[in-house]
Amino acid sequence: MVRIVIAHVVVVCLAMPNPAASQGTGATIAGTVVDSTKGALPGATVTIRQVETGAKRATVTDDQGRFQAPSLEPGTFEVVVELSGFQTTVRDGLRLSVGQHVVLNLVMQVGQVGERIVVSGSAPLVETRRSGLSALVEERQIRDLPLNGRDFSQLTLLQPGIVASASTDRSLDRGMGTQISVAGARPNQISYVLDGADVNFQGNQSPGSAAGGLLGVDTVREFQVLVNNYSAEYGRSAGGIVTAVTRSGTNAFHGAGFEFLRNGALGAKNYFAAADEGKPPLNRNQFGGHLGGPVRKDRMFFFASYEGLRQDRGLSLVARVPSRATRARTDMSPAVRPYLMMFPEPNGPETGASGLYSTTVTEPTTENYFVIKVDNTLTANDSIALRYSFDDASVVSPLTVPLFAVNQHTRAHFFTGEYKRIISSSTLNVFRVSWNRPYEETVNVDQVSINPALFFIPGTQFGAITVSGLTPIGTDTGTPTFVDYKNLQVMNSLTWVRGRHTVKTGASWTRWFNDQNSAFTKGGSYNFSSIDNFVRNITNTFEGTVPGSSTDRQWRQNLIGVFVQDDIALKSRLTLNLGVRYEFITVPTEVNGKVAHMVSPSDAAPVAGGPLFKNPSLGNIAPRVGFAWDVSGDGKTSVRGGAGAFYEPILGNIYRAYGNRTPPYFQQANIRTPTFPDPFTGVVGVRNRLDLVEFDLQNPLRLQYNATFQRELLPDTVVTAGYLGSRGYHQIRNIEANQAVPQVLSDGQYFFPAGQARPNRNFESIRLRTTDGNSWYHGLIVGLSKRFSRGLQMQASYTLGRSTDEGSQAVGSADFGNSFQPRYGPDRHDNFGVSDFDVRHNFVFSYSYLVPAPASWKAAASALAGGWQVSGVVSLRSGTPFSPVLGFDRARALPRSGGAGQRPNWATGATSSSAILGGPTQYFDPNAFTLPDPGYFGNVARNALTGPGYATWDAALFKNVPLGTRFRLQIRLEAFNVLNRINFGLPEATVFNSAGRVENAGEISNIVGTPRLVQLGIKVEF
């Protein structure tokens, strides 16, 4: 055991990341065949055989001795070269990974063909043919590293240039999986590809299930992240692409069964749980297995996998509620009393008008996931692969004030079929079709019985009440909702090799059938600007759906793309990558004609009928260019660089919600100072609040560029260093388009005179999704990777990055927990700042080590000491930025509601660094800020403060026990956040409301990640 502890400490103190691999779901072997004098050998037959399945690919060298075999399934290969008058040359032990481009320079000796020269060795690690930056997550990493929830997508965070977007709110319409930013891209600009087919959910972010992860640890063979300037083959994304490959059967039967158990006994208590509370209960079972093997040797194979999850998790919730003094106020409005008394009494510290209430509740989770795949070699030149996967998950999540809960449910069907045809030794065609159907729904669950007489809108549901200084109470007014996001994809690509050129060209067509019903403020939502105003029934705003409105829509849309990519070997050591992609959308249509638009926010009313917006994509020509230089000619040093244009198509995640909320089919009341609790009492001619997609959209575009250096320092060890950059144009912003018009003073300040009306007096708030934003990213990456050998694999990466923009929201203010609508929408520069997902420093280190047993020990002792393995992941990153804000409209700018991103002034002498106090009680000093004069904005910049940093260590200890010659028992002990480091979330950012300074300004009441969790796993493999 001492050796095991020492092993953990040793590997944590070392740091080594994965070399960049090339693009594609398949692998490529290319190279030259020469004689002993380095003369080219044309006409040599090169046979490439996959060892596990016996599949063969044959090609012939050209007049320069060159050969290439693209689109090979990942696995272990043997390369045999034959030519009359020369000995047969064999290169074995080549293990190829997804997207890898391996260069082999083979030397043949004069002799008889029957004589064989066998050279063994692993594939080179340094990328010498592709300019784009990408990163590989290998099979051993997926199987060996500790993954909380067995969510393999967490491993994307191991790679340089990729950071966790900790402030991204996980929700069904915005992604439930691991949220990431790739080289400065927004999380919704990432595409996820499985076996070559798009598997993004409607939110266009990480396609995790309702259970909050992406299962498939035992199903996915490997996956790759395309980070920057990938080839023209890839579209649909302006950011990164995560592309995974499912495991296949082989000529030998292989399988496993497993179960992982977790309970609260060995875990740690939540930092914010009440002192007199025990540890929250936890019972979690994750179980399943897989089996793969031959149906017909060397021809047909199958692979099947199942995984189930059953969990009852206790949650420690902390809410800010009215204090006992507030509850006892004699001036409380009778109309408010029954609603205020819904809040539970505080059971923690009380400070004036409010106090803390903490409780432990149970969150039940169920998930079932399975995959089946069949691979069939029809002839020497024809093969097909069919894969079907299914996932169904349900979670009942209580809201922070747990009188209400939300049942979140996902169900996903993914089918992909692929037909591969070898037309000639230099020409390959791949045809792929897929039918994917991710379904998402949410349903409100009342934990208490609510008298319908308390509903704000009769016949709907209980609504919500937001009070500045208190935790909101009520239902999720965006529920119930469902999205049935069906899509059909047809893709074809043709690759041919001619002399120096490797050309790949193709086309793709995707058809979306997007059926949905997205409730919005169902039941209505009241906003109060302070606790005192709530008590005295002085309302701020009300938002609610007018009875008779409908948000059920059946959207239809197409995405069409064509591309050509030419990789030119200018010299034996220099490759030029040239590509161009043309990709465009069709304007969405609605089956029942429920489409309306406004050409300008100043129009008197929406126009019924299409189009929803003008098509901005018809000129989307995206060139890509890059180079790769093998500096020394031995494949051990490379310099690469390139640049390209990448468009973000206008798809359902951008227009869905807003396109569903346009009159005359939907009406949204937005009432200032309404009557409570009957919002329509005394209101004459309710004015709608509008959500609009800008009619004259521009297509979002990101220019990506990079320069990288790679060097093999030692056998199986590679260092990578480089620069990544991007420049975004026409980025999506969400703004208030019906604000008051300010005076511009001589010093450039805005001043809003009192008593102004909204410019378009036919409406209240008009929230507009526009495409006028800009973004910038600069990043430096350093990494070191050691491929598994001698029992050890390690990877480390460090990214120093800075992302800035004029707004980070793509869907709405709920995209990020630290987001606010711009305080003055027409001036995009006024909202400039570091991005809501910016992480300045990010370091990740992973390791896996087979602890050797002492050679001198006897058999029994050696069996006890042998078979031990340690692995782990260490993550360190700086904090997320946030803005101190006002909870009311101090500037008189007429935002949508509340302060909507208005910020205070700096107090004399205060700065971004001096304002940070640290600690959860008061993370920042509220006295560092003062109220601006009425009618003015404050001078604190957007995202001027940085939240707490993050550090965690996940570790695993395995014992591998042989059971005969074919079976192995593995016992695993895994701990997440081993040291129980408290990673605090962002503090309460509202500094002032209409009643003055907010009592809990700067207070932190939540953590990021989890307290220490421990689980035991058992696995039997054969």
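**Helix 6 and its strand surroundings in a predicted model**

In this predicted model, the buried residues of helix 6 (652–659) pack against strand 26, strand 27, strand 30, strand 38 (690–693), strand 40 (717–736) and strand 43 (766–789). Contact here means heavy atoms within 4.5 Å, and buried means under 20% relative accessible area, with exposed over 50% and partly exposed in between (1.4 Å probe, protein chains only). Helices (H or I, at least four residues) and strands (E, at least two) are DSSP runs, numbered from the N terminus. Helix 6 is mostly covered, as 8 of its 8 residues are buried. These residues are G652, N653, I654, Y655, R656, A657, Y658 and G659.

Residues are numbered from 1 along each chain as its sequence is written. Local features need pLDDT of at least 70 and side-chain atom pairs count only at pLDDT 80 or more, whereas totals for chains, interfaces and linings use all residues; side-chain values use heavy atoms, with hydrogens and water left out.

The loop between helix 6 and strand 37 (668–672) holds F666. With a relative accessible area of 2%, F666 is buried. Apart from residues up to four places away in sequence, F666 touches F520, T545, S549, S550, T551, R553, N660 and R661. F666 and S181 are 485 residues apart along the chain, and their C-alpha atoms are separated by 35 Å.

Several of the strands that pack against helix 6 also pair with one another; two strands pair if DSSP finds at least two bridges between them. Strand 26 (residues 481–498) and strand 27 (residues 501–518) run antiparallel and are joined by 18 bridges. Within this pair, S493 has G506 of strand 27 as its bridge partner. The two strands form a hairpin with 2 residues between them, and G499 in the turn has a positive phi of about 60 degrees. Strand 27 is in turn joined to strand 30 by 17 bridges, again in the antiparallel sense. Here T502 has D567 of strand 30 as its bridge partner.

Strand 30 (residues 552–571) is also joined to strand 31, with 12 bridges and an antiparallel course. Strand 30 and strand 31 form a hairpin with 2 residues between them. Strand 31 (residues 574–585) presents a covered face, made up of T575, N577, G579, R581, E583 and I585. Its uncovered face consists of L574, L576, L578, V580, Y582 and F584.

A separate description applies to an open sheet of 5 strands, which are arranged in the order 9-14-15-12-13 with mixed pairing. Strand 9 (133–137) and strand 13 (197–198) stand at the edges and have a single partner strand each, so one side of each is left without a neighbour in the sheet. Strand 9 pairs with strand 14 (residues 220–228) in the antiparallel sense over 5 bridges. L136 stands opposite Q224 in strand 14.

Strand 1 (residues 27–35) contains D35. The relative accessible area of D35 is 18%, and D35 is therefore classed as buried. Leaving aside residues up to four places away in sequence, D35 touches L41, F86, V107 and M108. D35 and L428 are 393 residues apart in sequence and 28 Å apart in space, C-alpha to C-alpha.

For the protein as a whole, 7 helices and 57 strands are found. A compact globule of 1022 residues would have a radius of gyration near 31 Å, and the 30 Å of the protein agrees with this; the radius is taken over C-alpha atoms, and the globule rule is 2.2 Å times the number of residues to the power 0.38. The C-alpha atoms fill a box of roughly 105 × 65 × 55 Å, taken along the principal axes. Of the 1022 residues, 62% count as buried. The protein exposes about 36,400 Å², of which carbon and sulfur atoms supply 58%; accessible areas come from the Shrake-Rupley method with a 1.4 Å probe, and for residues only the protein chains shown count as cover.
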